[in-house]
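Hi there,

Here is the structure I promised to pass on. Have a look, and my notes follow below.

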Amino acid sequence: MAFAFCVLFLQGCAGWQSALDPKGPAAGELAWLIWFFTALCAVVWALVMIALAAPLVMRSRSGDEPLLLDEAAERGKMRVVVSAVGVTTIILIGLTLLSFFANRTLAAIGSEAALTIRVTGHQWWWEVRYEDATPSRILTTANEIHIPAGEPVRLLLTSTDVIHSFWIPSLAGKLDLIPGHMNVLDIKADKPGVYRGQCAEFCGAQHANMGTFIIAEPRPKFDAWLNDQLQPAGAPASGEAKVGADLFLKRPCVMCHRIGGTPAGGTVAPDLTHIASRQTLAAGTLTMSRGNLAAWIADPQGIKPGSHMPVVELSGDELNAVVAYLEGLK
Amino acid sequence: MRRALAMLLPLTLALVACQREERDTRPQSALGSGEQPTPVTTLEPGGQRPSPTDNKAASFEANAFHMSEGKRLFGWFNCSGCHANGGGGMGPALMDEKWIYGSSMESIHATIRDGRPNGMPSFGQKIPDDQIWELAAFVRALGGNAPSSAAPQRNDDMMVHPSENRLPDAATLGKSP
């Protein structure tokens, strides 16, 4: 019964964001450590509880002379205590060694990483920059990190405002993004899939709405994605979208956002060159759709109070035009 | 009962102290709020009329949150490109006592919104009205026209010496012993 309950309970741990459902070597190593530590400590805890409960249940053999010591019995007890201390020491050293070797495995993952991605934390979104020796092949995007499945990827983590923490539970442990400092995290996804991540260091009002997605794809699909993303934004398709593109450049949007291939070159807010190709808006807060785009532009402070996206004065027609333009940025 | 009340009173007083400023990030009537007339000159046909004080100015001035947001936007919108962190460059300095067009919130707001002759561009269409007010509040703070308890701090990299915990050890003068 209890076992069935536990199994049901642990079923809830599977999914796209779970340290107990590892999808990569680093997370696998950590999950194994979690289970082993938990199991071993549970056994030790049970033994200690039994040792504590035993004297309460068993009757004392010393009879009516509690101060009279039986030397043989005392020596026996001493042996038990000494061996318990010995076993504890061995267990602690063993667990330390296990952690050490697990750490070595984690450190070895990225040794031959071919892809380096710089992840910069902002309040409250993630800037993602694919490094390349050729400047024209450097790609900047936001909140979604595509990686080739089965290949190690090196992530350089930093921040521009406060300390954030990058955590993709299904792939790796968490690591802080610190302003003025670069941390290195190597990850690898064994199989293609979408893995959700979350800022794991309280970073302000919208800390909870600072999600990210790792999208692991087979290498050819990843290369195709990267080449698509490197293209400048397509020309607006409809007349309405053309008006929207014009408004984007005339209104406050252009002060912060960049759209490749247009004069919009702001770098302090997410790059919108291919915004419609992403799955979510505002760092995993809303799913990508025309309605949500409009809602986000019309009332960002209602959806994510305190976020740095201001309320921009746009009439209904202007809003529709801007949304029509952004919706076409695939 | 009396003791509970006696404990409640200082607690209430202490909690009241937590209220430093309002953070209104969601303006109620966004549309058209930037069109409010702000006089750019005192020369008016038919004599001088009383200058209307914008009620927004009061809610942004000396507000710690709005001033720090203004500081962030000052960097983001590259005001430093001409005003160099307030010290002045291609554009006039903002930290001194000289105000070509007046030091009031309304004047600075009008300067950013409508621009001024000889260089200052108009940002009326490019920056939402509330953000212009935040910038104006910060620009006023640059010249020391804001209470020091609310004014944003200068960045570490602009200090004349490193912060105290990063100063070289006086005994070794920064050299390893």
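How many residues of chain B are in contact with chain A? There are 19, and they meet 19 residues of chain A, where contact means heavy atoms within 4.5 Å.

A word on the basis first. This is a predicted model, in which local features need pLDDT of at least 70 and side-chain atom pairs count only at pLDDT 80 or more, while totals for chains, interfaces and linings use all residues. Residues are numbered from 1 along each chain as its sequence is written, chains are lettered from A in the order in which they are written, and side-chain values use heavy atoms, with hydrogens and water left out.

Now the interface. Chains B and A bury about 1,600 Å² between them, 63% of it on carbon and sulfur atoms; buried area is the accessible area (1.4 Å probe) lost when the two parts are put together, summed over both.

On chain B, helix H3 (64–76) and helix H6 (129–142) each supply at least two residues of the side that touches chain A. The largest share, three residues, comes from H3(B). Helices here are DSSP runs of H or I, at least four residues, and strands are runs of E, at least two, numbered from the N terminus.

In chain A, an unreviewed UniProt entry annotates residues 31–57 and 78–102 as "transmembrane region", though such annotations may be inferred rather than shown by experiment. Residues 31–57 of chain A are 100% helix and 0% strand, with end C-alpha atoms 38 Å apart. Residues 78–102 of chain A are also 100% helix and 0% strand, with end C-alpha atoms 36 Å apart.

Best wishes
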